[in-house]
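Open the model in your viewer and follow the stops below in order. Each one gives a selection and what is found there.

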Amino acid sequence: LVYEVHEIVVQKVGHVPLAKGDFTHLPKKVKIFLAHCVQLCKPRGIYICDGSAEEADEIIHKLLERGTLTRLTKYKNNYLCRTDPDDVARVESKTFITTANKYDSVPHVREGVKSALGCWMSPEDMKVELDHRFPGCMSGRMMYVIPFCMGPLGSPLSKIGVQVTDSNYVLLCMRVMTRVSPKVWELLGDDDFVKCIHSMGCPRPVQRRVKNHWPCNPEKVIIAHFPEERKIKSFGSGYGGNSLLGKKCFALRIASVIARDEGWMAEHMLIMSITTPKGKEYFVSAAFPSACGKTNLAMLNPSLPGFRIQCVGDDIAWMKFDEKGVLHGINPEAGFFGVAPGTNMKTNPNAVLSFQENSIFTNVGETADGGYFWEGLEDEVPPGIGITTWLGQPWHIGCPGKAAHPNSRFTCPASQCPIIHPKWEDPKGVPISAIIFGGRRPTGVPLVFEAKSWAHGVMIGACVKSEATAAAEFQGKTIMHDPMAMRPFMGYNFGHYLQHWLDLEKPDRKMPKIFHVNWFRLDNNGRFLWPGFGDNIRVLDWILRRVDGDASIAVDSPVGWIPKKGSIDLSGLGSINEDELFSLPHDYWLEDSRESRSFLKSQVGPDCPPIIYRLLEDQEAAFVKQ
Ligand SMILES: C=CCn1c(=O)c2[nH]c(Cc3ccc(NC(C)=O)cc3)nc2n(CCCC)c1=O
Ligand SMILES: [Mn+2]
């Protein structure tokens with residue numbers, strides 16, 4: 001018999017025991033990073049994650065026992081999580097970019113003008129803030145170490161991060177939203193990685209009463225980005241946009257800085273594939289502010305026969321021109337973190353079919369038969385079924401109030417989407433033929449128009465606006481600016497970002513065409529002029545014919561090329577008022593052009609490339625002449 005000597009190596013980092021994993025074989029730079037995190041946060045143990053299903057099952061089991069998660073028994077491996085009601089969304093006012101020079105992060109705006117395009121904090125001030133939060137913040141808690149990759153493992157377009165966190169909910173979601181695997185350590189080697197430090201901000205013994213088994217520290221939330229060091233530090237919030245650091249913090253804010261430095265694009269865009277009845281396939285990327293149905297478009301069920309839509313990604317696109325000058329894009333994420341309310345078998349059947357298992361629902365309602373519920377699902381649950389609201393209150397359809405929080409989310413693997421594209425993880429990415437901007441514009445803006453040049457497309461993107469429920473103090477809706485749909489996710493000076501876009505245009509490159517769409521125009525009686533949803537394929541079809549250079553279907557206008565009357569396939573639709581749908585009220589556009597220019601003047605100022613102002617002035621002049 002050969003006796004195997006099991007050498008139990010109790011590894012320690014500092015004096016902190018290793019609960020899982022092997023510290024000794026980690027890359028040196030990672031060891032240094034972890035030792036720093038241990039010294040700073042003082043966890044009771046270190047747990048090096050491997051992203052496996054077994055690991056997830058172990059964590060889920062623990063969270064079910066603790067009551068943080070509830071099993072949704074109607075499905076296989078679906079769970080519900082309720083947060084502290086004070087921790088339900090991104091906190092823009094506490095989200096900062098820190099660079100030595102303020103104007104690397106934010107544009108020069110006049111004194112007294114509040115920057116809508118990101119908040120800068122000096123390194124000195126940020127140090128004070130963080131020194132009041134991070135020391136000992138993980139005491140009594142486990143520090144999870146998450147090796148993750150944004151993009152397919154091994155793709156030249158992918159980037160690696162390491163996140164430490166004291167939230168096991170974050171670990172469960174990160175393994176859905178990103179690629180978490182020990183292979184990351186091998187791929188990383190001695191390269192640099194994005195350093196992500198997250199804490200719920202609730203050291204033990206807890207000072208603040210924990211609600212819903214969701215530790216957090218709303219009063220002291222801060223999300224700090226250090227782009228020059230490729231570092232993120234997030235404290236006090238467990239909520240997705242603040243804690244799944246691979247998403248908005250890394251894949252947009254930090255990645256936009258890396259992309260500027262390396263000559264590619266990190267954008268807040270979906271990527272979708274459209275195959276025409278003739279069997280030709282195109283890929284487009286599209287940027288929309290919230291409440292425009294971006295995820296619905298990414299997974300569209302087309303209403304015209306012979307068209308086929310497949311999804312590559314629903315939120316973020318990393319795009320780079322290849323050696324042949326063709327723009328290729330990947331979805332850096334591995335999952336969908338979608339807004340639940342309004343998602344149903346009518347608006348987005350492919351999303352619904354993506355989260356029937358292995359998914360996590362945050363702040364949605366729960367039905368008595370162990371299912372999820374939110375506003376929009378009324379016709380898809382048994383009538384009269386008992387429901388528990390996101391606040392844990394008994395409720396049923398027809399009762400006052402909402403069952404789910406308006407920002408409640410589903411977190412599900414992209415691989416489960418029935419129409420996920422076969423090349424969604426292709427290391428080369430997919431070729432992008434068109435870039436589409438859009439906004440929720442109830443008046444004045446036609447269904448679709450096309451930029452007359454790349455620079456004109458950048459100006460159109462910079463002028464994106466969308467109707468949104470105004471911030472607390474106002475009532476009702478207002479038209480908010482959301483330039484390039486990147487306003488909350490900028491990683492550096494927005495004027496420099498626009499210049500970066502302009503600089504991407506090179507003669508030997510096949511520049512994508514740029515379009516703007518508006519699904520939401522109302523008629524004089526306040527009814528939608530356009531059926532939207534699956535019928536949006538008709539607009540995509542026109543866009544693709546323009547991509548192929550069909551000059552006969554467009555006419556010139558002061559805002560760009562607009563569809564020639566009758567050039568959009570309206571077959572099968574009842575009466576569509578094309579004149580109203582495509583009209584360009586000259587007073588509206590005169591005002592809109594002026595308002596856009598004053599927004600850019602005040603928010604981007606001298607940092608905005610002059611060509612953008614010139615194109616806006618030309619547009620305004622064209623409306624004055626009419
Ligand atoms: C690919 C779909 C894009 N899209 C749309 O194209 C769209 N259009 C509208 C407005 C609208 C609402 C209802 C109808 N029709 C009926 C019958 O109610 C038509 C248009 N809402 C839309 N929504 C939902 C917006 C909230 C997230 C939407 O997502
Ligand atoms: Mn988004």
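Select Ala485, in the loop between strand 30 (477-481) and helix 12 (494-503); helices (H or I, at least four residues) and strands (E, at least two) are DSSP runs numbered from the N terminus. Ala485 has a positive phi of about 55° although it is not a glycine. Ala485 is buried, with a relative accessible area of 0% (buried is under 20%, exposed over 50%, partly exposed in between, with a 1.4 Å probe and protein chains only).

This is a predicted model, in which local features need pLDDT of at least 70, side-chain atom pairs count only at pLDDT 80 or more, and totals for chains, interfaces and linings use all residues. Residues are numbered from 1 along each chain as its sequence is written, and side-chain values use heavy atoms, without hydrogens and water.

Now select Pro205, in the loop between strand 11 (194-199) and strand 12 (222-226). The Arg204 to Pro205 peptide bond is cis, with omega near -5°. Most peptide bonds are trans.

Finish at helix 16 (residues 610-625). Its buried residues are Ile612, Tyr613, Leu615, Leu616, Gln619, Glu620 and Phe623. Viewed down the axis of helix 16, they fall within an arc of 165°, so they line one face; the arc is taken from the directions from the helix axis to the C-beta atoms. The face turned away from the buried side carries the exposed residues Pro610 and Lys625.

Conventions. Chains are lettered from A and ligands numbered from 1 in the order in which they are written. The expected span of a helix is 1.5 Å times one less than its number of residues.
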